[in-house]
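This report covers helix packing and sheet architecture. The sequence and model come first.

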Amino acid sequence: MASEHPRYTEISDGLLGQVPDQDAEETAEWLESLDALTEAQGEFRARYVLRSLIAHAREQGITLPPTLSTDYVNTIPAADEPAFPGDEVLEQKIRAYVRWNAAVMVTRANRPEVGVGGHIATFASSAVLYEVAHNHFYKGKDGDGSGDQVYFQGHASPGMYSRAYVEGRLTADALDGFRQEVSREASLPSYPHPRLMPEFWEFPTVSMGLGPINSIYQARFNRYLTSRGIKDVSDSRVWCYLGDGEMDEVESLGPIGLASRENLDNLTWIVNCNLQRLDGPVRGNGKIVQELETIFRGAGWHVIKLLWGNEWDELFAKDAEGLLVKALGDCPDGQMQTYTVSTGAHIREDLFGRDPRLLAMVADKSDDELVTLINARGGHDVKKVYAAYRAATEHKGQPTVILAQTVKGWKLGSGFEARNATHQMKKLTKTEIK
């Protein structure tokens, strides 16, 4: 049977090249099957089957060029998430104290007689990312192994100080001296500073991408120590936390090829994608997660997208036609930021109202539930963060980057634990650390 499809001989996305078709009739049958599947069940189903075939081919050792961009959903399906080993209620209570004290510490540093301020939103959006790692993944240096190295995002330092206070390692007086190294004896530097606090900070970060570039060379040096028989640090993992705005630094993306070339599977990056930098949206008319996914996949990294909290699982399970996946994928970051401070009625009309079938998916949800839903991001969900970290630590042969979507705000003790709270900050100037 003659094929109605053209014979492709040019290179197209690296999938086809100057290779003669040794069985044109069989090729035509495969292509016609795809046409029939697309016509009968739609583009979303056809794309799912194709990606399943590619995944299966790779499992069989058939190498294919990487697909650089995937749908705007979590990389790890809900059904594949491991059981969370911690006490969620207890951990949430501790996290609430840590968040509260970090907020109060920064706000008190901005009181009129001091006026030095500090960064509050970075840790507010990334608290779960840090706390899950603190509680379940970081390996200390006082155990049997060599321990992990952690490059903390500098602007999140208030959260590290706050946790140390809860653990009894810092005093309330020290927290009250945040950013006052010159004027107070008991004080804390703004950012990780090993020279000022050698017993607390191991690595400096913040300035011009110090964390990301140093973390890569740290992971590489660990491999060197082990392979040369100098010191066995094979059990050490290097963790590096960054902001999506920080990824514009040359030192952030410039050296990533080294990590993949050296197969540094002892390295995990966590990029806190709260879609916001100090002076505005990261990419108001784009999608920073998709942009970074393409860059990292192209450079040979293992990419885990951690976008949506468990409140979305039910909707994605209903999304047989891929309408919700497409709607979220078509929504630019600037619009997603608008939704975080919008009413449920606006979210219903603007996001779900573009198709009657989407509206039907959320017909049983109140406006308040839609507000909760839109702010339920993967980076605030302890179970999904745990699943991403576990997958990263178990992956072999490549460095891993976790692109974690969060909301640049906070709400103590809530289920999704993230919401704009500028009005609450104004009330904290006289509030005590607790």
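## Helix pair

The crossing of helix 4 with helix 5 is right-handed (the near helix is turned clockwise from the far one by less than a right angle). Helices (H or I, at least four residues) and strands (E, at least two) are DSSP runs, numbered from the N terminus. This is a predicted model: local features need pLDDT of at least 70, side-chain atom pairs count only at pLDDT 80 or more, and totals for chains, interfaces and linings use all residues. Residues are numbered from 1 along each chain as its sequence is written, and side-chain values use heavy atoms, without hydrogens and water.

Axes are lines fitted to C-alpha atoms, for helices over the stretch in contact; angles run from 0 to 180 degrees between N-to-C directions.

Five strands form an open parallel sheet, ordered 1-2-3-7-6. Strand 1 (149–151) and strand 6 (302–306) are the edges; each has a single partner strand, so one side of each lacks a neighbour in the sheet.

Strand 2 (residues 238–243) and strand 3 (residues 267–273) pair in parallel over six bridges; pairing takes at least two DSSP bridges. W239 stands opposite T268 in strand 3.

## Helices on the sheet

Helix 7 (residues 210–227) packs on the sheet and touches strand 1, strand 2 and strand 3 (contact: heavy atoms within 4.5 Å). Its direction makes about 165 degrees with that of strand 2.
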